[in-house]
Amino acid sequence: MATRSDTPALDTLAAMTVDSIERCGLDGKTFMLTRLAALAAMDAPAVFYLAPVAQSRSRP
């Protein structure tokens, strides 16, 4: 049985990120740097940088 979460959207995003890292063949640090580079190349708004930066800071 699945447990309920107070942050289901964030949990889904985290699970998608983990799946993406596992499937792409890059280590976590390289993956996050690549994601940040893509955001910069697209001139993405600052809010879009929050999740990758937070995730990269929590990874060794």
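Helices here are DSSP runs of H or I with at least four residues, strands are E runs of at least two, and both get their numbers from the N terminus. This is a predicted model, where local features need pLDDT of at least 70, side-chain atom pairs count only at pLDDT 80 or more, and totals for chains, interfaces and linings use all residues. Residues are numbered from 1 along each chain as its sequence is written, and side-chain values use heavy atoms, with hydrogens and water left out.

View 1. Start at the N terminus and the elements go α-α-α. Of the 60 residues, 15% are buried (under 20% relative accessible area; exposed is over 50%, partly exposed in between; 1.4 Å probe, protein chains only). The protein exposes about 4900 Å² (Shrake-Rupley method, 1.4 Å probe), and carbon and sulfur atoms supply 63% of that area.

**View 2. Ile-21, a residue of helix 1.** Helix 1 covers residues 8-24, and Ile-21 sits in it. Is Ile-21 buried or exposed? Ile-21 counts as buried because its relative accessibility is 10%. Look for Phe-31 too: its C-alpha lies 6.6 Å from that of Ile-21, with the two residues 10 apart in sequence.

**View 3. Asp-43, in the loop between helix 2 and helix 3.** What is phi of Asp-43 near? Phi is near 55° here, a positive value in a residue other than glycine. With a relative accessible area of 68%, Asp-43 is exposed.
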